[in-house]
Amino acid sequence: MKIVLAQQNYHIGNFEKNTEKIIYAINEAKSQGADLVVFSELCVCGYPPRDFLEFNDFIDKCYEAIDEIKQHADTIGVLLGSPARNPVFHGKDLFNAAFLLYEKEIKGEVHKTLLPTYDVFDEYRYFEPAFDWHVLEFKGKRLAVTICEDIWNINDNPLYRFSPMDKLMEQQPDLMINISASPFDYIHEEERKSVIKSNVIKYKLPMFYCNAVGSQTEIVFDGASLIFDKEGNLSKCLPSFEEAIAGATLNDDGTIEESTVDNIKPIAHIKPNPLEYNPKLNIKGIHTALVHGIKDYFTKMGFTKAILGSSGGIDSAVTLALACEALGKDNVRAILMPSPYSTEHSVNDAVKLSENLENPYDIIKITHVYEAFLSTLKPIFKDLPFSIAEENIQSRSRGNLLMSIANKFGYILLNTSNKSELATGYGTLYGDMAGGIGVLGDCYKLQVYALAEYINRDTEIIPDNIIHKAPSAELRPNQKDADSLPEYDILDKVLYQYIERRKGPSEIKELGFDAAVVDRILKLVNSNEYKRNQFCPIIRVSPKAFGVGRRVPIVGKYLS
């Protein structure tokens with residue numbers, strides 16, 4: 001039996017385009033001589049549909065799409081993901097389901113059992129877990145079909161009480177098929193491979209695993225679909241961050257002709273989060289995910305042009321380079337807005353960057369705008385000393401200028417704040433925290449530097465001076481980030497232990513960090529949740545990003 005995986009980029013709620021993609025892949029699989037073509041989780045509607053699932057009309061359109069698709073499932077089997085209505089009165093109204101289509105009919109339906117409610121996932125909000133388990137019969141084979149999380153309950157600390165594959169094994173299946181929407185983060189691909197291999201080793205069955213690809217606002221799916229033979233050898237790995245339609249031939253004895261020995265370790269040897277922060281870990285994958293995150297956000301929203309404030313600093317430089325790669329240099333406009341405290345070399349660095357990238361740029365001095373604000377506020381400010389209020393006026397002046405140009409010419413403002421800044425509240429609401437999408441909001445400062453080095457891997461794009469000068473907001477004379485924050489080499493490590501690894505203050509101090517510094521950093525993180533709550537969506541590249549995957553109270557007292 002030849003089984004083809006269709007790894008595709010879907011658009012949530014775009015039923016017409018999603019159906020066209022699926023039908024195209026069916027025809028391509030037919031041309032490859034496939035018996036069965038497999039699609040990803042909830043491919044019919046796109047993942048994650050979230051509260052769209054609460055609309056009957058949305059579910060009706062899912063069924064209408066399946067009716068259209070099944071007309072093309074004539075000589076080939078089609079396994080795809082879609083919401084399915086629950087015919088039982090008790091429980092939630094929907095299942096997260098997989099449908100087997102063949103001979104222009106729905107031949108079978110299976111439901112997801114394990115519904116994740118952690119990090120970016122909230123599936124139990126919408127779906128009822130499966131309450132029966134059965135293999136699907138197709139062309140003499142017994143298919144054990146599972147959906148994403150169903151195969152993840154296999155490590156030493158399981159989240160769920162049982163695994164659906166244990167139930168399906170009672171029916172003596174011939175192979176496992178898993179349809180997934182498994183997001184990217186910089187460690188997840190290796191963990192995913194290990195989980196799949198662990199299932200193969202445990203159940204002694206081949207596995208065909210189809211993952212989604214493409215970005216859905218914050219969440220980036222990297223594809224990298226996999227096929228393993230029954231011995232746990234890797235037969236095929238589809239490309240990361242690309243659409244692909246490819247498969248392998250399963251022999252009757254469970255072997256796969258294309259299998260090769262691999263070095264993938266089972267899950268017991270994989271640590272979900274590295275013990276120590278490594279800013280260069282999988283920087284290539286982070287770079288690619290960010291480029292795809294920008295590109296898909298603009299494409300799926302119908303936007304074409306971006307704007308950003310270019311300061312001559314590392315964050316705006318990396319954001320500008322990523323945006324030019326994602327959208328094309330002519331579609332990204334940089335605005336340089338020097339204030340009375342901006343250094344000449346910062347302006348020159350920003351100009352040099354745009355010259356290297358060949359993107360359009362403008363220089364708008366904000367001195368007169370800033371002075372007009374101060375003059376207007378003089379009766380209220382009187383002779384009070386210079387403070388953060390005057391600093392923030394500069395930032396908000398820039399934000400207003402950027403948004404005015406964006407409104408006038410139809411640009412979308414890219415936010416350039418990094419994760420270290422967002423964690424500690426080192427940013428100005430309605431100023432440098434403005435934007436439509438946060439490009440670097442899930443990258444700590446040292447990761448931003450690593451991205452700059454990666455961008456410069458073949459030639460100098462980001463000027464060397466931007467990379468090596470001391471970071472500064474330049475909102476007062478001789479200002480440096482280190483005046484307000486611990487050095488990034490310390491700050492990022494503490495933040496990583498607290499945010500990614502969820503370590504408390506005592507545990508972090510036991511790692512050798514200064515107690516007062518730890519307390520100060522954690523207080524900054526927790527007391528600035530109100531700022532992050534007003535921030536734009538962030539492209540997620542880590543195991544724990546700010547935004548939909550991290551929910552903490554704004555008014556909480558803990559550590560603040």
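This is a predicted model: local features need pLDDT of at least 70, side-chain atom pairs count only at pLDDT 80 or more; totals for chains, interfaces and linings use all residues.
**View 1. A salt bridge between E243 and K21.** The side chains of E243 and K21 form a salt bridge in which the closest N and O atoms are 2.5 Å apart. The two residues come from distant parts of the chain, since E243 sits in the loop between β13 (234-237) and β14 (244-249), whereas K21 belongs to helix α1 (residues 15-31), and 222 residues separate them.

View 2. D60 is found in helix α2 (residues 56-70) and R85 in strand β3 (residues 77-85), so that the pair links parts of the chain 25 residues apart. D60 is partly exposed, with a relative accessible area of 33%, and for R85, also partly exposed, the value is 33%.

**View 3. A salt bridge between D122 and R551.** The closest N and O atoms of this salt bridge, formed by D122 and R551, are 3.8 Å apart. Because D122 lies in the loop between β5 (105-111) and β6 (136-138) while R551 lies in the segment after α16, the pair ties together parts that are 429 residues apart in sequence. D122 counts as partly exposed at 24% relative accessibility, whereas R551 is exposed, with a relative accessible area of 59%.

**View 4. R540 and the residues around it.** R540 is placed in the segment after α16 (529-532), and at 7% relative accessibility this arginine counts as buried. Its side chain is joined to that of D119 by a polar contact of 3.0 Å. Leaving aside residues up to four places away in sequence, R540 touches D119, V120, P183, F184, D185, E218, V220, D442 and A545. Two of these neighbours return in a network of salt bridges with shared partners, which joins D119, D185, R540 and K544.

**View 5. Helix α15 and its buried face.** Helix α15 (residues 515-527) has 13 residues and spans 18 Å from its first C-alpha to its last, which is close to the 18 Å expected at 1.5 Å a residue. Its buried residues are V518, I521, L522, V525 and N526. Viewed down the axis of α15, these buried residues fall within an arc of 125°, and they therefore line one face of the helix. In an α-helix, which has 3.6 residues a turn, residues three or four places apart point the same way. The buried residues of α15 pack against α10 (419-424), α13 (488-499), α14 (505-509) and α16. Where the helix starts, a side-chain oxygen of D514 comes to within 3.1 Å of the backbone nitrogen of A516.

View 6. A disulfide is a covalent bond between the sulfur atoms of two cysteines. The search of the whole structure finds zero disulfides. C43 takes part in none, for the nearest cysteine sulfur, belonging to C210, is 8.1 Å away; at 0% relative accessibility, C43 counts as buried. The sulfur of C324 is 17 Å from the closest cysteine sulfur, that of C443, and this is too far for a bond. C324 is likewise buried, with a relative accessible area of 9%.

View 7. Most residues other than glycine have a negative phi, and most peptide bonds are trans. A cis peptide bond, with omega about 0°, joins Y47 and P48, and P48 lies in the loop between β2 (36-38) and α2. K139 has a positive phi, near 50°, although this residue is not glycine; its place is in the loop between β6 and β7 (141-147), where K139 is partly exposed, with a relative accessible area of 42%. For K204, phi is also positive, near 55°. K204 lies in the loop between α4 (188-203) and β9 (207-211), and at 61% relative accessibility K204 counts as exposed.

Note on methods. Residues are numbered from 1 along each chain as its sequence is written. Side-chain values use heavy atoms; hydrogens and water are left out. A disulfide is a pair of cysteine sulfur atoms within 2.5 Å. Buried means under 20% relative accessible area, exposed over 50%, partly exposed in between (1.4 Å probe, protein chains only). Helices (H or I, at least four residues) and strands (E, at least two) are DSSP runs, numbered from the N terminus. A polar contact is a pair of N or O atoms within 3.5 Å; within protein, one must be able to donate a hydrogen and the other to accept it, and residues adjacent in sequence count only if both atoms are side-chain atoms. Contact means heavy atoms within 4.5 Å. The expected span of a helix is 1.5 Å times one less than its number of residues. The arc is that of the directions from the helix axis to the C-beta atoms. A salt bridge is a side-chain nitrogen of Lys or Arg within 4 Å of a carboxyl oxygen of Asp or Glu.
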